[in-house]
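Subject: Structure for your review

Dear colleague,

Please find below the structure that I am handing over to you. My findings follow it.

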Amino acid sequence: MRPGNPEALSLSYDPRRIEPERYAFWERLGVFQPRADLAQGPRGTGARAPFVIAIPPPNVTGSLHMGHVLGESVRDCIIRWQRMEGRETLYIPGMDHAGIATQNVVEKKLRAEGRSRQDLGRDGFLDAVWRWKEQYGGLIFQQERRLGITPDWTRERFTLDEDYSRAVLHVFKHLFDEGLVYRGRYIVNWCPRCRTALSDEEVEMVETDGHLWHIRYPLKDGVGSVSVATTRPETMLGDTGVVVHPKDSRYAKLVGSFAVLPLVRREIPILADDSVDPKFGTGAVKVTPAHDPNDFAIGRRHGLAEVVVMDEGGVMNDAAGDFRGLDRFEARERIVAALKDAGYLEKVEPHRHSVGHCSRCDTIIEPYLSWQWFVKMAPLAAPAIEAAKKGKVKIFPSRWKKVYLHWLENIRDWCISRQLWWGHRIPVWYRGDEMVVSLDSPPGEGWRQDEDVLDTWFSSWLWPFATLGWPEQTADLARYYPNSLMVTGSDIIFFWVARMIMAGYHFLGEAPFEHVYFTSIVRDAQGRKMSKSLGNSPDPLEMIEKYGADSVRFCMVQTPTGQDMVFDEKRLETGKFFANKLWNATKLVCMRLGDEDLSGVKESQLNLSLADRWILSRFANAAKDVTRNLKTYRFAEAAQAVYQFAWNEYCYWYLEMAKPRWALADLGDAMSGEQRADLRTARWVSWKVLDGILRLLHPFMPFVSEELWQALPHDGDTLATAAWPKAKRTWFDAAAEREVGFLQGVVVAVRNLRVESKIAPGKPVRVVVRGGSAQLELLERLDTQLRPLARIETLELARDGSRPPVAASAVVEGAEVFLPLEGLIDLDEERARLTREAQKLLTDLEGVKKKLRNQDFLRKAKPEIVQRENERLVQLEETLDKLKRAQSSLSTVRD
């Protein structure tokens, strides 16, 4: 047992001084690394499995925002808890190269210098990005240290590390060899600003007020026309057909004939296709195979030409004829005007529809026909679907399971190529008509590598095992795969979580983690998701500087499970006040512990009072509640269980109840043997429970709990590796909780009566209690504790008898508590108070009676619930009767 160091506790808690010191202290001790003494060999050898969790790799361009703070607070809470449970723990850190985001940042920097990536060339540009990464990348990890997270920094990974990159390219080749990777000319989501393809998950759909333009296409024979409707008139220049539903009688005679495309004069066929909705628009649909995914499918079915009318930057090309060189939106205006002038525009209607935007730069995306690489996803999705359905991967909160399954069961092939320079370059080589997939350049001259890179998510879907050395069969892979848990935001359930599960099953034959916990979305007061683009997120570092990391963490983890969090800075004050409360309580306890070595005290030697038995029982319940809630990822409930016990039971009640016994130390040598035993017991229980509180609190508020624990007598070097408290069976004491509950009720009643009667809190008063014999015996035994807690000068206990003539009264578990008021109060005010209480009781009483008269309630409710309501009815009637007697008594007294 190491002696405490209470002298280290300053007058008040200063997180700005303590937090950096404690973080460096943990790093010096090697707390963050897996403990070799707990490593007992690979899984499957009977050893207890290690607990492994990985940080979702933030972008190399990233900086800390409140969403990160929530996720990291939860992840670090779990890893600290498991570390204290005695598990070997591994918390893996790393960064994502973030292809589009990083390339955009460096290109913006070059533009400010009057240069472009083309000026530098591919190799020169990549050198510039690596220099930027070394200078600015990884800032977020320095920020996260301020938050107190504890990953093993010696294992930090980057998705463009050499060995990680080899794993990514290995996967591409492996899937290609299996026939699951293919190249084709298909419609993709295209960002004209980033000039690259995007996956469906990288497109954000925005409800937009637009227009529906109705255009008349003349028939080739010159007799009549067919009308079509479109939200994108600029794409009509690429129309190569018109389709109608085969059962639409309006167009039956036109199927097989030709229309003439306005402005272009191209003859296009009128065809029948089951995909057409005859109720939408005119029932006739223009087909633009190169600029719409549905039209692309129709065009392939009917062998229509695919005419691309704009370039990769969204500018109309030579196929656009007179509109070449115009931006797509300027071309839209010019085309509509030309149609109107030529008499082809029938009408324009307002139309609200969803428009896709690039998730990186917010540019409106363009469905675009281009050559891209794809992964066939259906074969990969099947095991991931089965894993969720059979509970091999458990999802928390459970409502996300349905979302996960819906996406997987309707999955589309994944476009994995990106027209960027920063990233994993696709390992495909061309020479003439030859194509080779190889991790290295094939032998011989004349080979050129594919210009595109792989989607960033194609590297991060390997994160749970590529960080452990895969595809090499490393000791880390054998020991730490699969991971135990993935904690991340629900906004990347498709981008990342589902794909990781698919990759885990396909490449290693099992899920990459057992559980997935989705954190909430952090929103502002207006309900908007906090983001850098909206500028609506406070700077977490400013919050940490102002309130301390512990306060920020404690606030963030208290997000109700499954609900979004509306951030309010005022909530951070709760954590700050709590830290100060514990700081002062610990200083008080340290002052009262004396020099005795409490570690040698055995419970059998203790003279446990009712208050001691009560606080030990309440602590056992708190430890059980915190542990149970952590196991089920109910972090808000776990944090509240610690808070409520520490503040409302230990600090507010027990320390006050212990003060009279602490005061025995002032007797010195004059203490009797029994008094010495009482003092030792009060010291031991105060220390033991406070030690337990700090252990329970550590995953939530690591800095202040460590600092206070070091001030107490303790075993071991650090609280971070101290044992997690268990709910000791012998400490549960229902009788003690029931008796102290009654005592507390009396104290609270007297305090409330003081306030209502405007009697000063410190003024000694006379109190009369009339109740049952067991209640009175209990109060008599607790007389020395009851008096100071309620500031009672004279306590009178009576089995029956008349009430004092002028007294405020309350009822506690059937016992009547009287506070005689003669000469102390305004009698009219007391009468008004009794009237208000009686009215409230009447309202409650009528509510219970109404419920018990309700036959539907009586039929459906469980018997114990009905019984409880009947008991409540009796209690309310008795309480009301006593209040009426009090009113009657007071009415006989003259002012």
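A residue is called buried here when its relative accessible area is under 20%. By that cut-off T196 is buried, because its relative accessible area is 0%. Please bear in mind that this is a predicted model.

T196 belongs to strand 6, residues 196-198. A polar atom of the T196 side chain lies 2.7 Å from the backbone nitrogen of Q419. Not counting residues up to four places away in sequence, T196 touches I100, N189, W190, C191, R418, Q419 and L420.

Nonpolar cores

The largest nonpolar core has 148 residues, and M556, Y650 and F700 are those that touch the most other members. Helix 19 makes the greatest contribution to this core, with 16 residues. A separate core of 66 residues lies apart from it; I411, W414, A503 and F507 are among its members. As for M556, its contacts, leaving aside neighbours within four places in sequence, are M66, V69, L70, S73, V522, M565 and F567.

Aromatic rings and charges

In the structure there are 40 aromatic pairs. One of them joins Y517 and Y633, with 5.7 Å from centre to centre and 40° between the planes, and it is tilted. Y517 is in strand 23 (residues 513-519), whereas Y633 is in the loop between helix 18 (610-631) and helix 19 (635-662), so this pair ties together parts that are 116 residues apart in sequence. Both Y517 and Y633 are buried.

Ring pairs also connect W414, F458, W461, F465, W470, Y481 and F507 into a cluster. Two of these residues, W414 and F507, are also among the members of the core of 66 residues.

Two arginines are placed over aromatic rings. R22 has its charged end over the ring of F25, at 4.8 Å from the ring centre. R145 lies over the face of W153, 4.5 Å from the centre of that ring.

Backbone geometry

Which bonds are cis? The peptide bond from F396 to P397 is cis, with omega near -15°. P397 is located in the loop between strand 15 (394-396) and helix 10 (399-409). W470 and P471 are likewise joined by a cis peptide bond, whose omega is about 15°. The loop that holds P471 runs between helix 12 (463-466) and helix 13 (475-480). W470 also takes part in the ring cluster described above.

L263 is partly exposed, its relative accessible area being 32%. For E813 the phi is about 50°, and E813 sits in the loop between strand 28 (807-812) and strand 29 (815-820).

Helix 25

Helix 25 comprises 27 residues (827-853) and, at 1.5 Å a residue, should span 39 Å; its end C-alpha atoms are 39 Å apart, which agrees with that expectation. The buried residues of this helix are L827, E830, R833, L834, A838, L841, L845, V848 and L852.

Yours sincerely

Technical notes:
Residues are numbered from 1 along each chain as its sequence is written. This is a predicted model: local features need pLDDT of at least 70, side-chain atom pairs count only at pLDDT 80 or more; totals for chains, interfaces and linings use all residues. Side-chain values use heavy atoms; hydrogens and water are left out. Rings of Phe, Tyr and Trp (its six-membered ring) pair if their centres lie within 6.5 Å; planes under 30 degrees apart count as stacked, over 60 as edge-to-face and the rest as tilted. Helices (H or I, at least four residues) and strands (E, at least two) are DSSP runs, numbered from the N terminus. Buried means under 20% relative accessible area, exposed over 50%, partly exposed in between (1.4 Å probe, protein chains only). A charge sits over a ring if NZ of Lys or CZ of Arg is within 6 Å of the ring centre and within 35 degrees of the ring normal. A nonpolar core is a set of buried Ala, Val, Leu, Ile, Met, Phe, Trp, Tyr and Cys residues joined through side-chain atoms within 4.5 Å. Contact means heavy atoms within 4.5 Å. The expected span of a helix is 1.5 Å times one less than its number of residues. A polar contact is a pair of N or O atoms within 3.5 Å; within protein, one must be able to donate a hydrogen and the other to accept it, and residues adjacent in sequence count only if both atoms are side-chain atoms.
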